[in-house]
Amino acid sequence: MVKVAIMGHGTVGSGVYEVFAMNAEKIARVAEQPVEVKYVLDLRDFSHLPYADKFVSDFSIIENDPEVTVVAEVMGGTGAAYEFTKRCLNAGKSVCTSNKELVATHGEELLAIAKEKNVNYLFEASVGGGIPVIRPMMQCLAANEIREIRGILNGTTNYILSEMIHKGVSFEDALKQAQANGYAEKDPTADIEGHDACRKICILSDLAFGDKFDPNAVSCEGISKITLTDVEEAGKLGYVIKLIGRAVRCEDGTAYAYVAPHLIPKNHPLAAVEDVFNAIMIDGNATGDVMFYGKGAGKLATASAVVADMLDAIAHAEKRRPVEWGDGSKNLLRPIDTLESVWYSRKPGKPAVITGPMTTERAMRDCKDAAALMRVL
């Protein structure tokens, strides 16, 4: 029997426990032995739950128990989650996470510890929730040079834009609906200003290009300035507006990585991605475009990806998954000002136009009096 622990009992953490309980027989078949959740770490009182005896509030109980070999980190953030993850890895325990902020910020350090201790640090659920994308990148697309990644990486912003496009709802009202439906947090800044998507495109860039892309250095623009006027003007020109995370490899091995609203042609596959769904397109030099589509968040969808990683860690207990990237010293990130794009611009009182291609720097200069300026994919 394998014994595991879950750190955090929020939406995803409770989902992880639920998946283990719901699919215990299938999980045992995959692992070729029963898998038991021995501990759930959380400071809150869950005495009303039928598995209340599993809860502990002292992390060192998990850290010092040699029976626990795999741990799910679903706490979020880069505080206690970072400290506890390091300590688990140093204690010889594999860690599986959905924590995109931690992976994007400290992934290279945690992967280095995992390599040193011959354990696994896996993070499929950190990008796309339940959509399989990281493992396919590392395995199915391993023979490819990745040329470009572009995708709708945040369901909250995609829901808001879908409401604006199809129902004529203002940004402010669409945001309130997203919060009422549980798609957006009380403080929606990470979603609507693009920070969530930025962390995800950084992780995908790290994997694709082999060095760290720091979220603090990557250009990040959200959707809070988009108006119904822009939605309508884009529609007249044959486009829809989507928040896109994008990474583009250059011939010298450097790359652009950024997050920004884009106009997407209505016949493009990404234009048809609506509501809270995500889609990620990866362009390999052998495969061409491959697209991954599905709900990018949700309790059980994300939890299923965490549990799948835990099963993978169990299967690779003796020989770890070879996942790593550099510390950023290669300086692969190109300045966004030099990226050439086609641009949408709208001046007050005039119809919107499509111009370019031109660099970001020139677009900002030539269209400095524009009421709106966006890239065209």
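## Lining of the second largest pocket

By class, the lining of the second largest pocket has 15 nonpolar, five polar and seven charged residues (Ala, Val, Leu, Ile, Met, Phe, Trp, Tyr, Cys and Pro count as nonpolar, Asp, Glu, Lys and Arg as charged, the others, Gly among them, as polar). The model is predicted, so local features need pLDDT of at least 70 and side-chain atom pairs pLDDT 80 or more, whereas totals for chains, interfaces and linings use all residues. Residues are numbered from 1 along each chain as its sequence is written, and side-chain values use heavy atoms, without hydrogens and water.

Of the 27 residues in this lining, Glu 221, Lys 225, Met 364, Leu 373 and Met 374 lie nearest the centre of the second largest pocket (an open set of points on a 1 Å grid, where a 1.4 Å probe fits, with protein on both sides within 12 Å along at least five of seven lines; lining residues have an atom within 4 Å of a point).

## Lining of the largest pocket

The largest pocket is lined by 42 residues, and those closest to its centre are Val 12, Lys 100, Glu 185, Asp 196 and Ala 297. Its lining comprises 19 polar, 14 charged and nine nonpolar residues.

## Aromatic contacts

Phe 123 and Trp 325, both of them buried (under 20% relative accessible area, with a 1.4 Å probe and protein chains only), form an edge-to-face aromatic pair, 5.7 Å from centre to centre and with 75 degrees between the planes (ring centres within 6.5 Å, planes over 60 degrees apart). Elsewhere, ring pairs link Tyr 17, Phe 46, Tyr 51 and Phe 55 into a cluster.

Technical notes. Rings of Phe, Tyr and Trp (its six-membered ring) pair if their centres lie within 6.5 Å; planes under 30 degrees apart count as stacked, over 60 as edge-to-face and the rest as tilted. Buried means under 20% relative accessible area, exposed over 50%, partly exposed in between (1.4 Å probe, protein chains only).
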